[in-house]
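Me: I have a structure open and would like to go through it step by step. Please end each reply on the value or name I ask for.

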Amino acid sequence: MTGAPQALAPRGRAMTPADPAAEGSPPSLGALWQALDTVPDPEIPAVSVVELGILRGVEWDATDPLLLVVTVTPTYSGCPATELIMTPIRDVLAAAGVAKVRIEMRLAPAWTTDWMTAGARRKLSDFGIAPPGAAPTPSASSPTAKPSSA
């Protein structure tokens, strides 16, 4: 996902509730994105929920500065792995020092493979799964092209 912040947590340290850096101020969004990048997709553990592009947003609530709002768009609206995704997201955020989390499911716009990172595509290939490519554009000679109305 190209929109994820690139700020990193201090090297070699995990942000935990007992960590003095976590006391008094919440962890940075960059550190939280980095932590969330460790949450594997339950169906394809070679890629993270961040790399897959289903994690769409992480922000502190405007009215409650201690509430973290996480936006997730499942790969399809009936995805049976939704709860298997939510639990490790909550666990990772709790370990990072976030006490209050609200996970919002957003079904529109629908998830698309365009949201996957290049790294996710490489990992899928390494895992033995053909990564999705760009959708072909139908041409006039294509059997799937709609006839023009003349």
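Me: Which residue in S3 stands opposite Val69?
Reply: This is a predicted model, and in it S2 and S3 run parallel, joined by six bridges. Val69 belongs to S2, on the side that also has Leu67 and Thr71. Its opposite number in S3 is Arg102.

Me: And which residue in S2 is the bridge partner of Val58?
Reply: S1 and S2 pair in the antiparallel sense, over five bridges. Along this pairing, Gly57 stands opposite Thr71 and Glu59 stands opposite Val69. The partner of Val58 is Val70.

Me: How many residues lie between S1 and S2 in their hairpin?
Reply: S1 covers residues 55-60 and S2 covers 67-72. The two strands form a hairpin. The number of residues between them is six.

Me: In what order do the three strands stand in the sheet?
Reply: Strands of a sheet can pair either parallel or antiparallel. Here the pairing is mixed and the sheet is open. S1 and S3 stand at the edges, each with a single partner strand, so one side of each has no neighbour in the sheet. The twist from one strand to the next averages 20°, and the order is S1-S2-S3.

Me: How many of the six residues of S2 are buried?
Reply: Leu67, Val69 and Thr71 point one way from S2, while Leu68, Val70 and Val72 point the other way. Both sets are buried, with buried meaning under 20% relative accessible area. S2 is therefore largely enclosed by the rest of the structure, and the count of buried residues is six.

Me: What angle does the direction of H1 make with that of S1?
Reply: H1 packs on the sheet. The strands it touches are S1 and S2. Its direction and that of S1 make an angle of about 145°.

Me: Which strand does H3 run at about 155° to?
Reply: H3 spans residues 82-95. It lies across S1, S2 and S3. The strand to which it runs at about 155° is S3.

Me: How many of the eight residues of H1 are buried?
Reply: The buried residues of H1 are Gly30, Ala31, Leu32, Trp33, Ala35 and Leu36. Their cover includes H2, S1, S2 and H3. H1 is mostly covered, and its number of buried residues is six.

Me: How far apart in space are Gln34 and Val50, C-alpha to C-alpha?
Reply: In sequence, Gln34 and Val50 are 16 residues apart. In space, the C-alpha to C-alpha distance is 9.0 Å.

Me: Which element supplies the largest share of the largest nonpolar core?
Reply: This core has 29 residues, and those with the most contacts inside it are Leu36, Leu55, Val70, Ile89 and Leu93. H1, H2, S1, S2, H3, S3 and H4 each supply at least two residues. The largest share is five residues, and it comes from H3.

Me: Which residues of H4 are exposed, on the face turned away from its buried side?
Reply: The buried residues of H4 are Gly119, Ala120 and Leu124. They cover an arc of only 140° around the axis, which puts them on the same side of H4. Their cover includes H2. The face turned away carries the exposed residues Ala118, Arg122 and Asp126.

Me: Which residue just after H4 takes a positive phi?
Reply: Most residues other than glycine have a negative phi. Here the phi is about 95°, and the residue is Gly128.

Me: Which two residues are joined by a cis peptide bond?
Reply: Most peptide bonds are trans. The cis bond here has an omega of about 0°. One of its residues, Pro109, is in the loop between S3 and H4. The pair is Ala108 and Pro109.

Me: What percentage of the 150 residues of the protein chain counts as buried?
Reply: The chain has four helices and three strands, in the order α-α-β-β-α-β-α from the N terminus. Its accessible surface comes to about 9,000 Å², with 58% belonging to carbon and sulfur atoms. The share of residues that count as buried is 37%.

How values were computed:
Residues are numbered from 1 along each chain as its sequence is written. This is a predicted model: local features need pLDDT of at least 70, side-chain atom pairs count only at pLDDT 80 or more; totals for chains, interfaces and linings use all residues. Side-chain values use heavy atoms; hydrogens and water are left out. Buried means under 20% relative accessible area, exposed over 50%, partly exposed in between (1.4 Å probe, protein chains only). Accessible areas come from the Shrake-Rupley method with a 1.4 Å probe; for residues, only the protein chains shown count as cover. A nonpolar core is a set of buried Ala, Val, Leu, Ile, Met, Phe, Trp, Tyr and Cys residues joined through side-chain atoms within 4.5 Å. The arc is that of the directions from the helix axis to the C-beta atoms. Contact means heavy atoms within 4.5 Å. Two strands pair if DSSP finds at least two bridges between them. Axes are lines fitted to C-alpha atoms, for helices over the stretch in contact, and angles run from 0 to 180 degrees between N-to-C directions.
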